[in-house]
Amino acid sequence: MRIVTDDFVLVDRFLLLDESRSSPRVKLSGKEWIVSKIRSVAALEVGDEPTERKQVVPAPGALSKMAHLDSHWSDRLCHPSRNLAIVGVQKWLREEADVHVAREDATAGNEALTNLLQPAHTLAATWSTELFSSAGFAEQLPLRDELRCVILDGAAAIRYLWEIEAPIIFALVDRSIADESAADLIMQIRGRGQPMTLASDLEWIPPAGVEAFAFKVRM
């Protein structure tokens with residue numbers, strides 16, 4: 001099972017619920033916890049999660065509060081939505097996930113992207129985003145049906161665009177690189193799709209220095 005307290009997220013094997021004491025306790029294989037101290041709990045399938053994982057509960061920052069994630073923070077950590085995958089250079093993806101960002105007008109301070117993405121790794125007690133290396137990505141296909149969004153970061157990842165079936169796909173192209181193969185592939189697929197307007201359809205205006213367009217295609 002996974003439990004979230006004020007301080008920790010834990011995954012451990014459930015043994016029993018001890019209600020014989022004045023303060024009922026949940027007994028796990030590693031430790032016991034007072035029920036009143038548990039903020040959220042989830043039953044896990046056998047083999048779905050590694051046993052005996054523990055991590056500190058991160059504090060919600062500016063971006064999480066802007067998205068109102070802090071109102072159900074414990075439940076979000078305990079029941080993560082595993083519907084996002086990012087494909088790119090694994091080392092760079094993990095380094096970029098540790099970057100701290102903030103809104104210019106925010107008073108809540110900055111926040112690591114890790115708080116929002118909750119990337120999977122071998123020691124994580126909870127995770128939401130799968131990070132795939134573009135090298136050898138073909139071996140990971142087909143992806144899980146539960147994925148709602150896939151981000152392809154760089155030309156090596158974008159070359160798999162035809163082979164991914166997900167409702168939303170972001171393709172990030174570095175235009176400072178002379179290789180136009182990734183951009184050409186996107187334009188080929190765009191030619192078979194239906195254009196979308198960023199401002200009206202998606203209600204988003206790209207920041208300065210970013211070129212963006214959107215389109216729909218049949219899955």
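In sorting residues by class, Ala, Val, Leu, Ile, Met, Phe, Trp, Tyr, Cys and Pro count as nonpolar, Asp, Glu, Lys and Arg as charged, and the others, Gly among them, as polar. With that in hand, the lining of the second largest pocket divides into 12 nonpolar, no polar and 2 charged residues. A word on where this comes from: the model is predicted, so local features need pLDDT of at least 70 and side-chain atom pairs count only at pLDDT 80 or more, while totals for chains, interfaces and linings use all residues. Residues are numbered from 1 along each chain as its sequence is written, and side-chain values use heavy atoms, with hydrogens and water left out.

What is a pocket here? On a 1 Å grid over the protein atoms alone, a pocket is an open set of points where a 1.4 Å probe fits, with protein on both sides within 12 Å along at least five of seven lines, and lining residues have an atom within 4 Å of a point. Grid points are joined across faces, edges and corners, and a volume is the space filled by probe spheres set on the points. The second largest pocket holds about 350 Å³ of space. It has 14 lining residues, and Leu 84, Ile 86, Leu 117, Ile 151 and Leu 172 are the closest to its centre. The elements that give two or more residues to this lining are β8 (84-88), α3, α4 (113-117), β12 and β13. Those labels follow DSSP runs, numbered from the N terminus: helices are H or I with at least four residues, strands are E with at least two.

The largest pocket has a volume of about 1700 Å³. It is lined by 45 residues, and Ile 169, Phe 170, Ala 171, Leu 172 and Ile 186 lie nearest its centre. Two or more lining residues come from each of α3 (90-97), α5, β13, α6, α7 (198-202) and β15. Split by class, this lining has 32 nonpolar, 3 polar and 10 charged residues.

## Helix α6 and its buried face

Which residues of helix α6 are buried? In this helix (residues 181-190), they are Ala 182, Ala 183, Leu 185, Ile 186 and Ile 189, where buried means under 20% relative accessible area, exposed over 50% and partly exposed in between (1.4 Å probe, protein chains only). Looking down the axis of α6, the buried residues fall within an arc of 160 degrees, so they line one face of the helix; the arc is that of the directions from the helix axis to the C-beta atoms. As background, an α-helix has 3.6 residues a turn, so residues three or four places apart point the same way.

What covers these buried residues includes α5 (155-158), β13 (168-172) and β15 (214-216).

## Salt bridges

Take a salt bridge as a side-chain nitrogen of Lys or Arg within 4 Å of a carboxyl oxygen of Asp or Glu, and the count comes to 6. Asp 18, Arg 21, Arg 25 and Glu 32 are linked in a network of them. Asp 18 is buried at 12% relative accessibility, whereas Arg 21 is partly exposed at 36%.

Another salt bridge joins Glu 130 and Arg 144 at 2.8 Å, N to O. Glu 130 lies in strand β11 (residues 129-133) and Arg 144 in the loop between β11 and β12 (149-153), so the pair ties together parts 14 residues apart in sequence. Glu 130 is buried at 16% relative accessibility, while Arg 144 is partly exposed at 32%.

## Around Ser 64

Ser 64 belongs to helix α1 (residues 62-66) and is buried, with a relative accessible area of 0%. Leaving out residues up to four places away in sequence, Ser 64 touches Leu 69, Asp 70, Trp 73, Glu 111 and Leu 116, with contact meaning heavy atoms within 4.5 Å.

Most residues other than glycine have a negative phi, and most peptide bonds are trans. The bond from Leu 141 to Pro 142, however, is cis, with omega near -5 degrees. His 68 has a positive phi, near 60 degrees, and so does Glu 203, near 55 degrees.
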